[in-house]
Amino acid sequence: MENYATAREKDRSNAEIMGQKRQEKALREFKQVLEDLMFLLRSASDMETAYMYWVNRSREQFVMETKSTVLDNVMFKDRIGFENHFLKDFKDLDEPTAIEIGGDLPASQFSHYYSEVPVRYVTLLPFVNNGETVAITVLESKDHIFTEDKSDVIYSYINALRNVLNTYLEISDLYEQQDEWIDYEELLANIEVRCHRSEMVKRLLNTIQTFLHDGGVSFITRGMDSWCNVMNADEAKYAPPIGMQVEERSLAYEAAEQGEAEFAIHFNNNPKRLSPRELHSEGASMAIPLMMKDRRQGVVLVYDKNPLIFKESTKHKLINLVRVAALQMQANNPKMDLDASVFTNNYNAFLPDLWEKTVNSELHRLTNGSHKYHSWFGLVTISNVPELRTKLRLEQLNQMQCDLISAFNPSQFGYPGILGYHSDYVYTFFLQNKDEQTVKDWTSALKRKFSESFELKNGIHIETGIKVGYVRIDESYDDSYQLLSNAKTALSQALKSNKNEAI
């Protein structure tokens, strides 16, 4: 198992090192060719000064690439803002243009000359790529403009510039890299928004999912007195079931324990991502802790059958996305109590916003065929709430709710599932498993557990029964609201009878 956060530079692959050297060599040669081209252009056109600026629209700057001049009083700035350069009015130029200093533009705008402006005529040569002016070459002369008989020099230069630029881009793969980082900035914008932290988790998982070819993303956090999987990305493949508990010596356990990102390639289904009971441990996985002021609030689990997608640059991006999401959650709610789990309430049941997002994601995955598990959603409560409210004090009632969540935890009985808060003494549950009998076995186990006196952690014994109403999830449901409505109806029927009810 490789601890990615502490991996040393020497562990980088030879292919990446060679690729970097190749790109650096290509860049040096590209700049040298441009410098030679500029000298040849100035000489062939009989101009005193020639130079080229890139048009950086994102930073609103002109960036100096190269220059050639026979004059002494010339000094160029490497970068200059649009508003401080005479080219600001020509940054969208798409054909060669001639201007006269003193007639079309005042000499004061040509600030690269000091003491005096010795030239009078200026020719502008735009370089247009994919419909956008990306560079402008400027030719300056004391006594003549670029005449028609020199037009073949212009077009030869433009063609040479385009060819050498395309060659450089092909060698260094900058086309792909530029798009890659532009896309990454857009991905960051997806999570730099004001929203509930549960919505932020969903956004984060779906954003990371776009990096994967044949895999998925899951979110693990603490609730019900254990760590378990609580949400999968909408398009996640081979995702562990909701509620699968984290066990020792798994990748997620190491990330949560150490507070550092963990990466591993799976051999013979090892190491496990979450638990020995998971169905898939193929390809490679990365577990990234969600840290808030040094506290581990969750783990983002990323997995794919193709280990090659986990390039060093991709690992850095994934870690940074999780970090930005954590910072954004804190910024969205500065008063959030970070000493406790931020995804559960005071009774250790998962927040309504969280389980609603989870259910909606699983409904989406069911309709697109991303998982093969049977799923159930329902409500569970105790049968004699009014009676217990009259017997117990408020702090005892609160302790009872905490103890009920721990006792109801499906993992206590070996079934993957989560419990969410609906209202006092009424909790939602979401079960997911390969076994069609899971929901019946779990409810039967609960009834047996509460068939006798139940002892709370404060030593008080309560006598109560369990009532459950649930719905089996299928493609006919659109969202969690429909499921909740039917589950309420089922629970209402169960409270009126002596058996569990299902719709």
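The following dialogue explains how to read several features of a predicted model.

Trainee: Which conventions apply to the numbering and to the values of this model?

Mentor: Residues are numbered from 1 along each chain as its sequence is written, and side-chain values use heavy atoms, with hydrogens and water left out. The model is predicted: local features need pLDDT of at least 70 and side-chain atom pairs count only at pLDDT 80 or more, while totals for chains, interfaces and linings use all residues.

Trainee: In what order do the strands β1 to β6 stand in their sheet?

Mentor: Helices (H or I, at least four residues) and strands (E, at least two) are DSSP runs, numbered from the N terminus. Two strands pair if DSSP finds at least two bridges between them. Here 6 strands make an open sheet with antiparallel pairing, in the order β3-β2-β1-β6-β5-β4. At its edges are β3 (79–81) and β4 (97–100), each pairing on one side only. Ignoring direction, neighbouring strands of this sheet are turned by 25 degrees against each other on average; axes are lines fitted to C-alpha atoms, for helices over the stretch in contact, and angles run from 0 to 180 degrees between N-to-C directions. Within the sheet, β1 (residues 49–56) and β2 (residues 61–69) run antiparallel and are joined by 8 bridges; T49 has T69 as its bridge partner in β2.

Trainee: Is T97 buried or exposed, or does it fall in between?

Mentor: Buried means under 20% relative accessible area, exposed over 50%, and partly exposed in between, with a 1.4 Å probe and protein chains only. T97 belongs to strand β4 and is partly exposed, at a relative accessible area of 23%. Contact means heavy atoms within 4.5 Å. Leaving aside residues up to four places away in sequence, T97 touches V122, T123 and L124. T97 and V138 are 41 residues apart in sequence, and their C-alpha atoms are 9.8 Å apart in space.

Trainee: How many of the residues of β11 are buried, and how does β11 pair?

Mentor: Of its 10 residues, 8 are buried, and β11 is mostly covered. Strand β7 (residues 215–223) runs antiparallel to β11 (residues 295–304) and is joined to it by 6 bridges. Among the partners in β11 are D304 for G215 and L301 for S218.

Trainee: What lines the largest cavity?

Mentor: Rolling a probe the size of a water molecule over the atoms shows where empty space is left. On a 1 Å grid over the protein atoms alone, a cavity is a set of points where a 1.4 Å probe fits but cannot get out; lining residues have an atom within 4 Å of a point. There is 1 cavity of 30 Å³ or more, and the largest has a volume of about 70 Å³, volume being the space filled by probe spheres set on the points. Its lining includes G215, D304, Y238 and R273.

Technical notes. On a 1 Å grid over the protein atoms alone, a cavity is a set of points where a 1.4 Å probe fits but cannot get out, and a pocket is an open set with protein on both sides within 12 Å along at least five of seven lines; lining residues have an atom within 4 Å of a point.
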